[in-house]
Each structure stands twice: as structure tokens, then as C-alpha cells.
Amino acid sequence: MTTLVEVQDISKSFGAVNAVDGVSLEIDQGQFFSLLGPSGCGKTTLLRLIAGFERPSSGHLLIDNKPMDGVEPNLRPTNMVFQNYAIFPHLNVEQNVAYGLRKKSISKIEKEEMINQVLELVGLSELNLRSANALSGGQKQRVALARALILKPKVLLLDEPLSALDKKLREQMQLELRHLQRAVGITFILVTHDQEEALTMSDKVAVMFDGKVEQVASPRELYERPTSQRVASFIGAMNFINGTVMEAKNEIGINSDILGPLTISRSQVFGDLTENKIIIGIRPERISIVSDGSSVTGSISGRITDASYFGETTYYKVACGKGSETLTVSAQNSFGQMDYQIGEEVKLNVDIKSLVGFSD
Ligand SMILES: Nc1ncnc2c1ncn2[C@@H]1O[C@H](COP(=O)(O)OP(=O)(O)O)[C@@H](O)[C@H]1O
Ligand SMILES: [Mg+2]
């Protein structure tokens, strides 16, 4: 893998606000890379710094090994697709796409060929003469993509391109965008606050909070081995349980009210265990309910206190241990099966290998 975009310790402040605060990233050629984080964490600012619409307060950016200091946006090998499409309502599809080529000295025939090709790519060949006014949200987004792709940038920057679309269409466009990226082989950098979107589309995800990158990893690694509680709860749901470290060598021996004594490996623990306190994280689907009566070793007892049916899964709250602590457990539903009832006594099995430990 060759690195295409190198962000070297970049900061950007607006007055007293540190929008981007010491970010370093390496993004590979051909990668689908996402910047994920809550609103206001600095995603758009970072994308605009890469595009050249903002200048860093400090730090450097290299694209394709070339320093980008002082290089104007139109001279960078990047192109941006905006959240609000930014297409011209009074122009038709073809004219909108051709706008991207206005400054290029290319023959009319060649331009037409390029336009046809890119419209084919985004599935708009039939609508080439349709007025932009008369397009649906998804079609407008395709026009915006075509206009950006026609210039064959090395890096396509996308700022929440799907957030204006409704759920069904958004999911369809996520798939299309991923296919498109594979087909053209261009590096995509996507900004999104939607964790599901980042996980389903990306090769790599950088999770940001307060202007800083907290973790960069593949979707699976982020989900299974989040390195902090913030990342863990931003990427899906997780139970957090207070525990006490009994022994910390290669293996970590832990005791907790709910789970009792258990041992996990060092690689499952993030942060320095300076105190004997530890927070144990468990995903709801890594706990399974076994009916009361069957004696499974290591299982824990609990009582169902709440149930929410979601079709393929049901989420249960289960009160365990001596205190008032509850665990959230998700169970796959099979057809026709009865849900567990509120008040029912159950036993829970926890997948110990899936646990993560946090020092704070
Ligand atoms: N041009 C600007 N002037 C002043 N503050 C800005 C400007 N752009 C962004 N900010 C601030 O920087 C922070 C990060 O914003 P932004 O990068 O848009 O976050 P995100 O895209 O993650 O929602 C926010 O606090 C925002 O208000
Ligand atoms: Mg933004």
C-alpha cells in the first residue's frame, strides 16, 4: 500500500475554537477512508484543510508525496462533493457535469465522451437532458458525484453526501458509492456522523472527538476492540461494568459483582492499569440468554426487567448481581418463538473472549 494523503500534526483554530487539534493521519491509495464523529468534532474542517479551502494554523499536508502548503484548491489533485449537492438548478444534468470541465482545454467531442462515460458510471445516462430542478435527492447527489469524478481527481472528498436522503435511499446510495469507489479506484475520504454508514462503507475509519483523532482502525477492529469507552459507545451499544483487578500479568484477573471472577488477556485491555479499578465492556449480542434450569458453568443469574422488540432481534434489560446493575442483552429472534417475559428468571452466558477492559 502506498500512502497518498499524509496529514502531519495539523491544527486549525478559529479564534478560541480549536476545530482541528494536532491530527496526524495516513490515507492509502485506493482506500475508502471515513472521518467519523459527533457534530462539531472538526470533520468538515479537516476535510476542507485537505481540499485547501482552509489553511492550517500549524502542521503540514502531503498528497502524493507533494507538500500542499500554499497550494490553491483547484491546483490540488482533490475534488469535493458537498452536503447540499451545490448543483445548478437552472442547468440540465449534462450541463451541470460539463461545468467541472469548463476550464479544461479539451475538444467538444472529447468532452461529450467524458460526460457520457461518467453519467454511465453514476447511472444517469437516460436523464442527461433533464433539468436539475426535476431531479430527486438521490439523482442530484449522483450529478454532484459525476461532476466531481469527471476531473479524475486522485482523492474525492465527500462531506456527509447522503445525510439529506431518507433511510432506504441512503442505504442504497451507500452500496452504490462503495461500488463506484471500487470501480474507479480513486481514494475516497468520507465525512459522516453516522457510525453505521462509516462501518459499512469504509476500509478504514478515523474516529474524532473535540478536534482530535481518537482511534484509526478497520470497521471490525473498531467495533470489536475499541480503545476507549467513548469510541465503544459511539460505535454501537456496549455494557460497562465496574471491576477490580486482582492480578495483572500477561493475563488480567478481574472480579466484579455481576460477572464474578474472570480472566482476560492483556491485549483485551486498553489504557494503563495504574489503579486496581477496571471498566469491563461487553456488547449486548455477546451475552446470550439460556433458559433457567439448564446448568451452564460460568453462567450468571438475572431477571428480565424490560424487553424491546426490533424484528430480527429483541433487546432485554436484565437485572443481575446484588446491586441494581442491569445488562443490556440482544437476542436473535427465530420465527414464531416466544419472547422472554418481564419478570422471568434467566441465566446469561458471556463470551469472555469478546470482553474489553478500559482503565478509565
Ligand atoms: N469558519 C469557522 N469559523 C468559526 N468557527 C468554525 C468555523 N468552521 C468551523 N468552526 C467551528 O469548529 C468546530 C468544528 O466544526 P466542523 O469542522 O464543522 O465540525 P463537524 O463537521 O465535525 O460537525 C465547531 O465548533 C465549529 O463551530
Ligand atoms: Mg460537518
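Colleague: Where is D210 found?
Modeller: D210 lies in the loop between β9 (204-209) and β10 (212-217). Keep in mind that this is a predicted model.

Colleague: What is phi of D210 near?
Modeller: Phi of D210 is near 45°, a positive value in a residue other than glycine. Most residues other than glycine have a negative phi.

Colleague: Does D210 count as buried or partly exposed, and why?
Modeller: D210 counts as partly exposed because it has 14 C-beta neighbours inside 10 Å. The cut-off for buried is 20 or more.

Colleague: Which phi does E160 have?
Modeller: E160 has a positive phi of about 45°, although it is not a glycine. E160 sits in the loop between β7 (155-159) and α5 (167-184).

Colleague: And why is E160 buried?
Modeller: E160 is buried because 20 other C-beta atoms lie within 10 Å.

Colleague: Switching to the ligand. Which residues are around ligand 1?
Modeller: The residues around ligand 1 are F14, V17, A19, G37, S39, G40, C41, G42, K43, T44 and T45. Two elements give two or more residues to this shell: β2 (17-28) and α1 (43-51).

Colleague: Which element gives the largest share of the shell?
Modeller: That is α1, with 3 residues.

Colleague: How many nonpolar, polar and charged residues are in the shell?
Modeller: The shell around ligand 1 has 4 nonpolar, 6 polar and 1 charged residues.

Colleague: Back to α1. How many of its residues are buried?
Modeller: 8 of the 9 residues of α1 are buried, so the helix is mostly covered. The buried residues are K43, T44, T45, L46, L47, R48, L49 and I50.

Colleague: Over how many bridges do β4 and β5 pair?
Modeller: Strand β4 (residues 58-63) pairs with β5 over 2 bridges, in the antiparallel sense. P67 in β5 is the bridge partner of L62.

Colleague: Let's zoom out. How is the protein chain divided into domains?
Modeller: There is domain 1 (3-232) and domain 2 (237-358). Their centres, taken over C-alpha atoms, are separated by 39 Å. The contact takes 6 residues from domain 1 and 7 residues from domain 2. On the domain 1 side, the touching residues divide into 2 nonpolar, 3 polar and 1 charged.

Colleague: How many helices and strands does the protein chain come to?
Modeller: The chain has 8 helices and 21 strands. Its C-alpha trace spans about 80 × 50 × 35 Å along the principal axes. Buried residues make up 36% of the 360 residues. Among contacts with a separation of 6 or more, 66% are between residues 24 or more positions apart.

Colleague: How many residues has the largest nonpolar core?
Modeller: That core has 91 residues. V118, A146, L156, I189 and L348 have the most contacts inside it. Helix α4 (residues 137-149) gives the largest share, 6 residues. Each of domain 1 (3-232) and domain 2 (237-358) supplies at least three residues to this core. In soluble globular proteins, nonpolar side chains tend to be buried together.

Colleague: What does V118 touch, not counting residues up to four places away in sequence?
Modeller: V118 touches V97, A146, L149 and I150.

Colleague: L348 came up too. Which contacts does I289 have, leaving aside neighbours within four places in sequence?
Modeller: I289 is in contact with Y316, V329, A331, Y340, V346 and L348. I289 is in strand β16 (residues 287-291). It counts as buried because it has 20 C-beta neighbours inside 10 Å.

Colleague: How far apart are I289 and A217 in space?
Modeller: They are 31 Å apart, C-alpha to C-alpha, and 72 residues apart in sequence.

Colleague: Last one. What do β12 and β13 form?
Modeller: They form a hairpin with 3 residues between them. Strand β12 (residues 251-256) runs antiparallel to β13 (residues 260-265), and 6 bridges join them. N255 stands opposite P261 in β13.

Conventions
Residues are numbered from 1 along each chain as its sequence is written. Chains are lettered from A and ligands numbered from 1 in the order in which they are written. This is a predicted model: local features need pLDDT of at least 70, side-chain atom pairs count only at pLDDT 80 or more; totals for chains, interfaces and linings use all residues. A residue is near a molecule or strand if its C-beta atom, placed from the backbone, lies within 6 Å of it. Helices (H or I, at least four residues) and strands (E, at least two) are DSSP runs, numbered from the N terminus. Ala, Val, Leu, Ile, Met, Phe, Trp, Tyr, Cys and Pro count as nonpolar, Asp, Glu, Lys and Arg as charged, and the others, Gly among them, as polar. A residue is buried if 20 or more other C-beta atoms lie within 10 Å of its own, exposed if 12 or fewer, and partly exposed in between; C-beta atoms are placed from the backbone. Two residues are in contact if their C-beta atoms, placed from the backbone, lie within 7 Å. A nonpolar core is a set of buried Ala, Val, Leu, Ile, Met, Phe, Trp, Tyr and Cys residues joined through C-beta atoms within 7 Å. Domain bounds come from an automatic or database domain assignment. Two strands pair if DSSP finds at least two bridges between them.
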